Amino acid sequence: MNAPDPIAASAPVAPTPACPPIAHAEVYAARRARLAAQLGPGGIALVPTAPERKRNRDNEYPYRFDSYFYYLTGFTEPNAWLLLDDQGHSTLFCQPKDLQREIWDGIRLGPAAAPAALGVSAAYPIEELDARLPALLENRASLSYPFAIHAGLEGRIDGWLQKVRARTRYGALCPDTQRDLCALLDDMRLFKDAHELGLMRRAAQISAGAHVRTMQRCAHWLRGGRELREYHLEAELLHEFRRHGAQSPAYGSIVAAGSNACVLHYRADAAPVRSGELVLIDAGCELDGYASDITRTFPANGRFSGPQRDAYQLVLAAQQAAVAATRPGQRFTDPHQASVRVLAQGMLDLGLLDAAKVGTLDDVIEQRHYFRFYMHRTGHWLGLDVHDVGSYVEPSEIGQASERTDPLSGETIKDRPSRILRPGMVLTLEPGLYVRPADDVPEAFWNLGIRIEDDAVLTPEGCELITRAVPVEPDEIEALMRG
């Protein structure tokens, strides 16, 4: 990697070409208008993007913009801020054109081109932020910004408001209310528009293709006698993501062979992939900011053993129960409760739990005996973040709370009514089963880690699984891996 040459940096350079207008600028303008209408009279909102972060000397981590900022602008450059008032007037602060820096870091949009390219009302160089913000905040009734997300933001805001307050003797008014902008934006982002759903379907398609490719290559290589490790499978995923235009993985890919699948957030490493063991892959790409999230568990050699198939069928039945419970009018917790009931019964049937010790199915659920083999929720919101924003509590019922004692930890849990599912929401459905060796567990199931995850879009009729281009039925998985 080259370091900047100070001599070359002082030489004259030709003008750089201008950036093209951002695609779908009207989508972001409509979101800004919706947000502006919720700010209230005299309200103003401030949203910074994410900073660049150093990886090591002269080298940054691959840049990823702030999701809230991107949702409102579609702008992917670092060092940028958006200011939006209740009348819909939007002001962007961004990096200025700099011909020398653009040689090293790429072409910048620049303030002069930003209004036409992004549809914002005005734009200024980022260096003018501190000088201009006090005047822009003056005589505003309220200021909204994302709480507890950007380190140091509250301190900078305090500094700007101090300058506003210093002018009160001249009749200036200082905002007397500060609000968490996330409360407004989270609810907007929870319901995906047509543009977002199009991107998420494409991301799901790319990710599904990557899973199919990896499953087939795994069996083919083992049949050919090739030594195979987890990182070989991860490489296939990454190749397929990038080959189809995805910018990056949506999260660190989990490629877990054998007993490693019992580690929920395991990362692809160097463990061998052995014939006769299961492989769990939890991986998805990010496309134009939007995440996909797929998990499949498959036999490395393409053939399930009897106990593997039995355990797999249980998880699949649990996911089918979750899918049936995912429809408008149901609660967010309903798919989880449906899958837990199926899993708990299966644990009793397979002998993972001894009914003589743990009692009936209802006892297993009430006392959370199932938690030993299934310790996570069945899903989460999905969108710009793989664990996307949006309250899991129904807003209209937030005041209705009850308390209970957790039977495992003994801590007091405060329960509030779960979010009602509505069309336009997107969530994952991902039950699992994780069996570590133990004296009271049948040895045939030791070291089995199984999870099946799909991305579900709520529709008026129920839900659409947008990731089912990867098979889930065991016979279909075996047929795919024979190909």
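**Contacts, cores and pairings in a predicted model**

Q: What makes methionine 347 a contact partner of residues beyond its neighbours within four places in sequence?
A: In this predicted model, methionine 347 is in contact with Leu314, Leu352, Leu353, Tyr370, Phe373, Tyr374 and Leu433, leaving aside neighbours within four places. Contact means heavy atoms within 4.5 Å, so each of these residues meets that cut-off with methionine 347.

Q: Which residues touch the most other members of the largest nonpolar core?
A: Those are Val273, Met347 and Leu433, in a core of 63 residues. Helix α9 (residues 194-223) gives the largest share of this core, 10 residues. Another core, of 46 residues, lies apart from it, and among its members are Leu109, Leu184, Tyr251 and Val426. As background, nonpolar side chains in soluble globular proteins tend to be buried together.

Q: Why do β18 and β19 count as paired strands?
A: Pairing takes at least two bridges, and four join β18 to β19 (residues 448-451), so the pair qualifies. The two strands run antiparallel. Tyrosine 434 has glycine 449 in β19 as its bridge partner.

Q: What makes β9 and β13 edge strands?
A: The open sheet has three strands in the order β9-β12-β13, with antiparallel pairing. Both β9 (248-249) and β13 (290-291) pair on one side only, and that is what puts them at the edges.

Q: How do you know that β12 and β13 pair?
A: The cut-off is at least two bridges, and β12 (residues 285-287) and β13 have two, so they pair, in the antiparallel sense. Glutamate 286 has alanine 291 in β13 as its bridge partner.

Q: Why are helices α6 and α7 called oblique to each other?
A: Helix α6 (residues 129-137) and helix α7 (residues 153-165) pack at an angle of about 60°, with their axes 8 Å apart. Roughly parallel needs under 35 degrees and roughly perpendicular starts at 65, so this angle counts as oblique. The crossing is right-handed. Residues making the contact include Leu133 and Pro134 of α6, and Trp160 and Leu161 of α7.

Methods:
Residues are numbered from 1 along each chain as its sequence is written. This is a predicted model: local features need pLDDT of at least 70, side-chain atom pairs count only at pLDDT 80 or more; totals for chains, interfaces and linings use all residues. Side-chain values use heavy atoms; hydrogens and water are left out. A nonpolar core is a set of buried Ala, Val, Leu, Ile, Met, Phe, Trp, Tyr and Cys residues joined through side-chain atoms within 4.5 Å. Buried means under 20% relative accessible area, exposed over 50%, partly exposed in between (1.4 Å probe, protein chains only). Axes are lines fitted to C-alpha atoms, for helices over the stretch in contact, and angles run from 0 to 180 degrees between N-to-C directions. Angles under 35 degrees count as roughly parallel, over 145 as roughly antiparallel, 65 to 115 as roughly perpendicular and the rest as oblique. A crossing is left-handed if the near helix is turned anticlockwise from the far one by less than a right angle, and right-handed if clockwise.
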